[in-house]
Amino acid sequence: MSHDDFHGRLEDDRMVTGSGTYSLDWDFPQAAHAWFLRADRAHAQIVSIDASAALAHPGVIAVLTGEDLQAAGFKSLPVLTIPTRPDAMKPLLPFRPCLATGKVRMAGEAVVCVIAETQQIAMDATELVSVEYKELPPVVDALDALKPGAPQVHADVPGNLYWDYDDGDQAGTDALFAKAATIVKHDLYNHRVIGNPMEPRCCISEYDAAKEQYFLYSPTQGPRIQAAMVAKVLGVPTDKVDVVAKDTGGGFGIRSAVYPEYCVTLLASKKLGRPVCWNGSRSESFLTDNQARDFICHGELALDDKGKFLSMRFYMVANNGAYLAPTGLLSQTRSVTSCITGVYDVPVAHARIKLVATNTAQVAAYRGAGRPIMSTMLECLVERAAIDLDMDPVEIRRNNLIRKDQFPYAMTNGTTYDCGDFEAVLDDALAAADWKGFEQRRAESAKRGKLRGRALSTYIESTAAGGIPDEAQLRFEADGTLSLFASSHSHGQGHETSFAQVVSRVLGLPMKTIKLRTGEAGMRVGGGGTGGSRSMVSFGSSFFLGAQEVVKKGKELAAKELEAAPADITFDHGEFSIAGTDRRISLQNLIQKHQGTHPHPLDSSSANKYGMTYPNGAHIAEVEIDPETGVTDIISYIAVDDIGNVITHALVEGQMQGGLTQGAGQIFGEHAIYDRESGQLLTGSFMDYPMPRAVLVEGLQIIDHPVPTALNPLGAKGVGEAGCTGALPTLSNAILDALRPVGVKHFDMPATPQRVWQAIQEAKAGRPSAMLSYTLEYA
Amino acid sequence: MAVKVSMTVNGKSVSHEVEERTLLVSYIRETLRMTGTHVGCDTAQCGACTIHMNGRAVKSCNILAMQAEGASITTIEGVANADGTLHPMQAAFKEHHGLQCGFCTPGMVMSAIDLVKNFPDTTEQQIREQLDGNLCRCTGYHNIVKAIKAAAADPASAKAGV
């Protein structure tokens, strides 16, 4: 669909009229209401819990504690494991309970669940529960947690080290570093953020005793993967759990997970014999949603005497929080290192990442999931090399890019890039940004007393290939419509439109007759969920192949109708015909002839795995800083992206705009801050946590540069996270570029006015690296 | 303590006994079961619950149902024509891809209608500033701004009112 053809999505009419169905919009008038008593401190032994006053409160139906869950046979909340080297440390996976038992490990951890006739009564009664705690000292900083004598978060995680992860070729890397003419080192802190989808986490849980079936109505990114995780906790087969969802109010990786409240309310529903609703508040989302980033990063780049990159090595410390979330291993390890040397021709590199337990909320996948950690590290390191070695920031990059003729490009860490044209993408960005005219613009800003900075950054990221085949089912209904079934779930991407687009293009059927169905009770369709920018790559491709299967079946039906051999039938624009004749029959006609039969003879499905592919791009930002106030404005932002073939341009542009702005949100202010003494989250509401507003990002220009992949039939590479992965390094570098002329050498984000102003004052006072949070040594 | 509240919602008179502490948004969502108005926060920051009360955009999470006694309320469900034709602002959000997950959209549309009513010759900068009370996490606001600008320029907007 070209941009001009776009007149809205299939999902829009219900959403703009308030007729969408988000999790708490399902009608369960008979539901009881759950509320959770949460730990008011970050680290403590639970001495006793007394809920008698709450139970005696009028309208209270039940109270559940960790002991009740143990009695019900609850298992740990699950963690997705990833392959480890046989000789390496295995990750430690401490038990993660749905309600704390013995100990609380983070402020906000659920301790007691009170169920009452109304939410107000449940909230009132929760205040009547008394918990006696024995305080323990908390640790919230990852480096503090690694120190000898630090408070131990889990008895079975010695030294607070969940995992010492290692990727790449250490010996080969060290050998190349030994030959280097120059080694450039750079430290940065990729600070912690909170994803905040606009729909707070919530659920309605229902147990059907007759069917022995659990139904969870919750925001989701993939009903079946979420059901599998819930089933693990409950200790029942996956088939006994249905996650039901129609509209999901944002996800960004955070809504792919199972959470304690879902499992507790499912048990409550089973015990009470009625549905249980949990109307989760924003405060609870702040405290207990999976949080993101919080990586202390150190990178080293070895160069020869001509500025050619020889190798790279990294040491990072990731603050994983009090528990491992389902994606808490993957997003902090392989997702970081998969594109270990970016778009650069550096096949040999090494990274070590320590995953650390602290008394903070669990950290896991969030838009980019690890890739923005590496893109920021890499591009800030390369920028540093250009500065230290007095090289042109464009040429140092250009001279080290993987060339178009080097694909497939294999690295020693097991990653193989399939295709790309990094230099052409770079050139497009330079042209669009009027790169050469910058000095004039900088001088003009200076006349107005402003500091102008600009930066070019590249990025590349892996989109998540499927571990299991992603299935697409196409079913012709009795009412003449075509239903599409998949296990992915849109949380804003517009799958109803884009998947219908894919199928409509193959079959020539009107978009409005094609209906995507993803989160229905009883639906069993194979594959993963939405995440890792994978939906078009995987489910889109399966729908494309499934639609081709419809054509194949249609040819056989048409052959019978037209009394010809199937091999002689061609299909074009919705019509089957005998080649070289005017004898034809439309697909619509064939559908109608068999309308109402089940299964319809044209019903088809396709389930496939697709190879990992690599969206990439070059972004250029210009910013202007008012040194008197520290206020930074984005003057222009050019994003040139190779996301493979584009199916629906407007939706792709929307994903890029959203991703870039989300990245800008982190760069300019979003910051989850825990108090070092108390372990309390200091930024627990929208009043303390500055979400991006409409004034934050202006002057945005998005340019496609598709280099289609051959690894899936659509040639798509994925777009969901690219904007965020590109924005973090680009804006970081642009801000430092603006600050360098006044003497600032290091600047860790976020670039709040206060921090920018402080950086300038510190530099004036002879402390150019005052805004550097941490330093590490590669070891 | 229960208290009786009466008001007009989307042109219809409604009256119920509610607890005194019931927020207007809870009354709309839970008592009236009109779920187009959303709750995205608990600090009156996000604007997902924006409705019109006596012709002004207000955050319905920040006001008690009692305070709306006798008021004329319009929610997102009352914005389109009875025949289902979208209000020009709704149509512009759709046309310009001004929504993704759609959760903030009802509040955005209600705020935007008020914005254009107050500033008929609005500028892009003014739209961006006026949207300060409405959070969107998906779109980066770019297409929301575009949609509001287009709706402001659409002569149908002035006629549509609300």
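**Domain and chain contacts of chain B**

In chain B, 15 residues of domain 1 are in contact with 11 residues of domain 2, two residues being in contact if their C-beta atoms, placed from the backbone, lie within 7 Å. The model is predicted: local features need pLDDT of at least 70 and side-chain atom pairs count only at pLDDT 80 or more, whereas totals for chains, interfaces and linings use all residues. Residues are numbered from 1 along each chain as its sequence is written, and chains are lettered from A and ligands numbered from 1 in the order in which they are written.

Domain 1 of chain B spans 2-78 and domain 2 spans 88-155; these bounds come from an automatic or database domain assignment. The C-alpha centres of the two domains of chain B lie 22 Å apart. On the side of domain 1 that touches domain 2, strand S3 (50-53) and strand S4 (56-59) of chain B are the elements that give two or more residues. S3(B) gives the most, with 3 residues. Helices (H or I, at least four residues) and strands (E, at least two) are DSSP runs, numbered from the N terminus. By class, this side of domain 1 of chain B has 6 nonpolar, 8 polar and 1 charged residues. Ala, Val, Leu, Ile, Met, Phe, Trp, Tyr, Cys and Pro count as nonpolar, Asp, Glu, Lys and Arg as charged, and the others, Gly among them, as polar.

The contact between the chains takes 46 residues from chain B and 44 residues from chain A. On the side of chain B that touches chain A, at least two residues each are supplied by helix H2 (88-95), helix H3 (105-118), helix H4 (124-130) and helix H5 (142-153) of chain B. H2(B) gives the most to this side, with 4 residues. The side of chain B that touches chain A has 19 nonpolar, 17 polar and 10 charged residues.
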